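Me: I'm new to this one. Can you walk me through it, piece by piece?

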Number of protein chains: 2
Amino acid sequence: MRKRRSTQADVAALAHVSPAIVSLVINGHMDGNVRISAQTRQRVWDAIRELGYVANPVARKLAGSQNRLLGVFTYQAIFPLEYHDFYYPFLIGIEEEAQAQDYDLLLFTRPTTNGKRSIYKEGINSLQMADGALLLGVYQGPDEITQLMQEGYPFVYVGRRDIPGMNIPYVAADYVAATVQVVEYMHSLGHRRIAYLSKQDRIPYEAHYDRQSGYLLAHQRLEMVLDERLLIACDLEAITPALLQQYLSLGVTALLFEDISYAHKLLNVTKQMGMSVPHDLSFALLGDPLNETQHLTGMTGFSIPRREMGKEAVHLLINLLQGNNSLKGQQLTLPCTFMKGNTVMPPTHL
Amino acid sequence: MRKRRSTQADVAALAHVSPAIVSLVINGHMDGNVRISAQTRQRVWDAIRELGYVANPVARKLAGSQNRLLGVFTYQAIFPLEYHDFYYPFLIGIEEEAQAQDYDLLLFTRPTTNGKRSIYKEGINSLQMADGALLLGVYQGPDEITQLMQEGYPFVYVGRRDIPGMNIPYVAADYVAATVQVVEYMHSLGHRRIAYLSKQDRIPYEAHYDRQSGYLLAHQRLEMVLDERLLIACDLEAITPALLQQYLSLGVTALLFEDISYAHKLLNVTKQMGMSVPHDLSFALLGDPLNETQHLTGMTGFSIPRREMGKEAVHLLINLLQGNNSLKGQQLTLPCTFMKGNTVMPPTHL
DNA sequence: CTGAAAGCGCTTACAG
DNA sequence: CTGAAAGCGCTTACAG
């Protein structure tokens with residue numbers, strides 16, 4: 001049995017003023033030419049207290065025509081166990097900045113099309129519920145994003161998204177520079193033949209291209225010979241002693257990969273071959289070793305400024321909402337931090 | 001340049017019907033005497049699609065219906081680094097069940113009173129934006145919860161909350177039984193004098209009382225002598241070799257505490273005293289050792305079914321929203337799982 | 001079967 | 001300095 005809440009009108013009646021006055025008093029609008037006598041104020045506050053009046057935030061938002069709601073959308077569950085350590089810092093940053101800027105967060109968790117999440121449900125943009133949205137996580141191809149852009153819905157992608165002809169707002173990590181740094185580090189220790197393993201059959205996407213660019217760029221800068229055979233597209237299962245042997249015979253002394261699962265697999269395979277890491281072969285992850293690798297601490301790689309990225313994405317989105325549409329600054333790239341680790345040492349088999 | 005969001009009126013105009021019809025079509029009200037021709041429906045849906053119309057949840061809520069939004073409220077940040085491992089499983093459960101039941105999640109992150117979060121801001125219940133809410137985390141005393149109950153706002157607390165005269169819906173972990181189990185385990189190994197250290201100056205709260213009840217209950221069941229001197233209220237700083245020595249001289253062979261920080265402190269102190277755990281003194285945590293204790297793996301304690309609790313809380317809340325107000329089943333207590341660990345062994349100093 | 005209207009509880013110009 | 005009114009975008013009786 002919910003008792004009816006008292007409303008602004010009740011207060012107004014009790015205080016013998018119009019509802020508008022109540023609103024003004026509550027919101028402290030004593031600015032400009034709106035001036036309300038101290039006496040009236042007092043009457044209003046007394047009435048409010050007597051009735052235990054509390055403004056209805058929903059009505060408030062409707063009248064104010066903005067709901068201070070920022071959407072957060074991911075194609076998969078936002079809180080999956082597998083990506084625990086990966087997503088978390090983004091969320092920390094997002095929450096921090098949302099709180100600082102006085103926005104609430106709307107998490108889109110409702111399945112839309114046949115049990116899966118998608119932005120558009122029967123052609124309708126379900127994000128509309130929020131003022132704007134942050135998109136993060138797995139990339140599903142450009143379709144929905146393109147539509148979102150065309151529609152003019154304000155959003156920011158966490159991670160670089162590049163669709164030709166479009167200026168997609170994003171906050172990304174600088175994988176190019178970070179990769180260059182890893183290669184340079186290896187080079188400085190004496191490595192000259194560095195192989196780069198990557199997944200074969202995934203949707204090609206920006207984060208991969210950027211690392212590859214970094215790899216190429218570093219070779220150019222360091223005047224290392226670029227051997228295309230060292231750019232290896234192979235899935236996890238394809239990694240065998242035979243394969244590895246083949247690359248070793250090409251003079252490879254160090255390995256680069258994008259996913260931590262490769263480290264585990266490679267560790268197994270090298271062990272089978274009687275080799276030890278990094279003594280016989282150096283490794284580096286072109287990504288964040290995180291803490292998840294309990295069996296593999298001290299991996300050489302780089303840390304991704306995920307928390308910062310979350311904060312900046314919120315910041316950028318709010319700018320967008322406020323109509324700061326200058327194309328400049330809609331795309332932000334933050335630097336990664338090189339992590340020396342202990343899986344790289346000078347090559348011994350030269 | 002944001003184009004204006006299209007509204008129900010726009011759709012109505014395009015479809016050549018009245019706004020009311022649009023509302024009825026969207027909400028699928030084909031029940032009762034409201035019958036709308038398939039043709040009209042089609043026109044409405046076409047218009048909706050063409051305009052990309054999505055109902056404004058705020059307006060919807062104001063007009064008196066639900067918007068399939070479940071609030072999540074915590075007094076502190078939801079995603080703090082310190083409570084990373086603690087909160088996460090709750091959120092996983094909450095998201096899972098929300099998704100399964102087709103609800104979105106609204107995270108309240110807006111600071112309300114002077115930079116801090118509170119449910120009521122100047123008397124305003126900010127949770128109103130959502131159909132109902134899940135409350136979790138640190139307890140701030142009964143005030144706001146009492147108000148929430150009186151107001152009739154639907155919510156479920158994750159964790160037991162007991163306010164005299166009120167039937168607060170919650171989903172809790174069974175700390176009583178779990179504590180009994182820990183004491184029984186110690187007893188079975190030969191411990192007869194088990195001290196219980198707890199913080200001194202915190203707000204007394206249910207989770208603490210429940211553990212204490214378990215401690216007392218176990219003593220009763222096992223016919224152990226209850227020595228009140230073994231119920232020790234002391235803060236972390238108060239733990240010194242002198243203090244510990246004092247309890248050892250009372251014949252204490254095992255220690256219980258509620259917070260992992262006590263384990264670290266006690267480990268230091270015992271080390272100073274030249275004792276080793278568990279050989280000279282057994283330890284158990286009346287809580288979840290989690291994984292956070294990298295320096296302290298294998299702590300004896302119990303795991304809290306956090307993910308399940310999250311799921312059940314959502315389930316219960318939705319029940320409440322649907323008007324299932326039977327008092328029964330509004331309070332759910334889930335069992336914990338004893339974790340044997342390796343910080344308890346038979347007492348040697350007898 | 002469908003339309004016109006009132007109302008949800010606020011805020012914000014706009015008049016006095 | 002204060003009041004009357006329109007409007008935010010919906011839903012739900014109530015008439016036809």
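Reply: Let's start with a term. Buried area is the accessible area, taken with a 1.4 Å probe, that two parts lose on being put together, summed over both. Keep in mind that this is a predicted model.

Me: OK. How much area do chain B and chain A bury between them?
Reply: About 5100 Å². Carbon and sulfur atoms hold 56% of that. On chain B's side, B:Phe79, B:Tyr88 and B:Arg110 supply 15% of the area buried against chain A, more than any other three residues.

Me: How many residues does each chain bring to the contact?
Reply: Chain B brings 54 and chain A brings 53.

Me: And how many residue pairs are in polar contact between the two chains?
Reply: The count is 10, with both residues at pLDDT 80 or more. Several elements of chain B supply at least two residues each to the side touching chain A, including α3 (38-51), α5 (84-100) and α6 (143-151). α5(B) gives the most, with 8 residues. By class, that side of chain B has 28 nonpolar, 12 polar and 14 charged residues.

Me: How many salt bridges cross the interface?
Reply: The rule finds 1. B:Glu95 pairs with A:Arg117, and their closest N and O atoms are 2.8 Å apart.

Me: Are those two buried or exposed?
Reply: B:Glu95 is buried, and so is A:Arg117.

Me: How many salt bridges are there over all chains?
Reply: The structure holds 19.

Me: Give me another. What does B:Arg307 meet in a salt bridge?
Reply: B:Glu96, at 2.3 Å from N to O. This pair links distant parts of the chain. B:Arg307 sits in helix α11 (residues 306-321) of chain B and B:Glu96 in helix α5 of chain B, 211 residues apart. B:Arg307 counts as partly exposed, at 37% relative accessibility. B:Glu96 is partly exposed too, at 26%. Over in chain A, salt bridges that share partners join A:Glu96, A:Arg307 and A:Lys311 into one network.

Me: Switching topic. Which residues of helix α9 of chain B are buried?
Reply: B:Leu243, B:Leu244 and B:Tyr247. They cover an arc of only 95 degrees around the axis, which puts them on the same side of α9(B).

Me: Why would residues three or four places apart point the same way?
Reply: An α-helix has 3.6 residues a turn, so residues at that spacing point the same way.

Me: What covers the buried residues of α9(B)?
Reply: The cover includes β9 (231-233), β10 (254-257) and α10 (260-272) of chain B.

Me: Where does B:Thr240 lie?
Reply: In the loop between β9 and α9 of chain B. B:Thr240 is partly exposed, at 31% relative accessible area. Its side chain reaches the backbone nitrogen of B:Leu243 at 3.1 Å.

Me: Now chain A. How many helices and strands are there?
Reply: Chain A has 11 helices and 14 strands. Buried residues make up 51% of its 350 residues.

Me: And A:Ile26, buried or exposed?
Reply: A:Ile26 is buried, because its relative accessible area is 17% and the cut-off for buried is under 20%. A:Ile26 lies in helix α2 (residues 19-26) of chain A.

Me: What does A:Ile26 touch?
Reply: Leaving out residues up to four places away in sequence, A:Ile26 touches A:Trp45, A:Ile48, A:Tyr53 and A:Arg60. The C-alpha atoms of A:Ile26 and A:Trp45 are separated by 8.2 Å.

Technical notes:
Residues are numbered from 1 along each chain as its sequence is written. Chains are lettered from A and ligands numbered from 1 in the order in which they are written. This is a predicted model: local features need pLDDT of at least 70, side-chain atom pairs count only at pLDDT 80 or more; totals for chains, interfaces and linings use all residues. Side-chain values use heavy atoms; hydrogens and water are left out. Buried means under 20% relative accessible area, exposed over 50%, partly exposed in between (1.4 Å probe, protein chains only). Helices (H or I, at least four residues) and strands (E, at least two) are DSSP runs, numbered from the N terminus. The arc is that of the directions from the helix axis to the C-beta atoms. Contact means heavy atoms within 4.5 Å. A salt bridge is a side-chain nitrogen of Lys or Arg within 4 Å of a carboxyl oxygen of Asp or Glu. A polar contact is a pair of N or O atoms within 3.5 Å; within protein, one must be able to donate a hydrogen and the other to accept it, and residues adjacent in sequence count only if both atoms are side-chain atoms. Ala, Val, Leu, Ile, Met, Phe, Trp, Tyr, Cys and Pro count as nonpolar, Asp, Glu, Lys and Arg as charged, and the others, Gly among them, as polar.
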